[in-house]
Amino acid sequence: MNITKKITIPIKGMHCADCALNIERSLQHLTGVVSADVSYVSGMATIVFDPSQVALETIKGGIRRPGYKIREVEKEIKLSFRERYSEHFLPAIVGLLLLL
């Protein structure tokens with residue numbers, strides 16, 4: 001009995017539904033991949049695979065091979081937070097100083 005794993009990987013560089021289909025095909029050709037569902041709308045790939053037959057790095061290679069990149073979620077969240085609030089930080093400090 002083989003135990004399967006399910007992972008979700010964020011992908012960067014998809015521009016249309018055909019891009020998602022290209023990645024799905026690339027992943028489905030890998031030995032050990034049970035299913036691959038790639039969504040252009042969400043920018044995510046959900047893959048069910050047998051870890052005894054295929055390594056996670058091989059799966060990531062299946063995404064990169066057709067020319068796409070794997071998004072670094074933590075890095076983007078940190079940058080997004082900094083970008084989102086940096087423009088409000090200075091006016092907030094000035095406002096606090098005016099209250100004193």
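This is a predicted model: local features need pLDDT of at least 70, side-chain atom pairs count only at pLDDT 80 or more; totals for chains, interfaces and linings use all residues.
Leaving aside residues up to four places away in sequence, L27 touches V33, A36, V38, I47, I59, G62 and I63. As a general background, nonpolar side chains in soluble globular proteins tend to be buried together.

## The sheet

Four strands make up an open, antiparallel sheet, ordered β2-β3-β1-β4. The edges belong to β2 (33-39) and β4 (69-70); each has a single partner strand, so one side of each is left without a neighbour in the sheet.

At the β4 end, β1 (residues 5-12) pairs with β4 in the antiparallel sense over 2 bridges. Here K12 has K69 of β4 as its bridge partner.

## Helices across the sheet

Helix α1 (residues 17-28) lies across β1, β2 and β3 (44-49), and runs at about 170° to β2. Helix α2 (residues 56-64) lies across β1, β2, β3 and β4, running at about 35° to β1.

## Confidence

For the protein chain, the mean pLDDT is 85, with 81% of residues reaching 70 or more. Among its elements, β2 has the highest mean, 96, while helix α3 (residues 73-99) has the lowest, 64.

Note on methods
Residues are numbered from 1 along each chain as its sequence is written. Side-chain values use heavy atoms; hydrogens and water are left out. Two strands pair if DSSP finds at least two bridges between them. Contact means heavy atoms within 4.5 Å. Axes are lines fitted to C-alpha atoms, for helices over the stretch in contact, and angles run from 0 to 180 degrees between N-to-C directions. pLDDT is the predictor's confidence in each residue, from 0 to 100.
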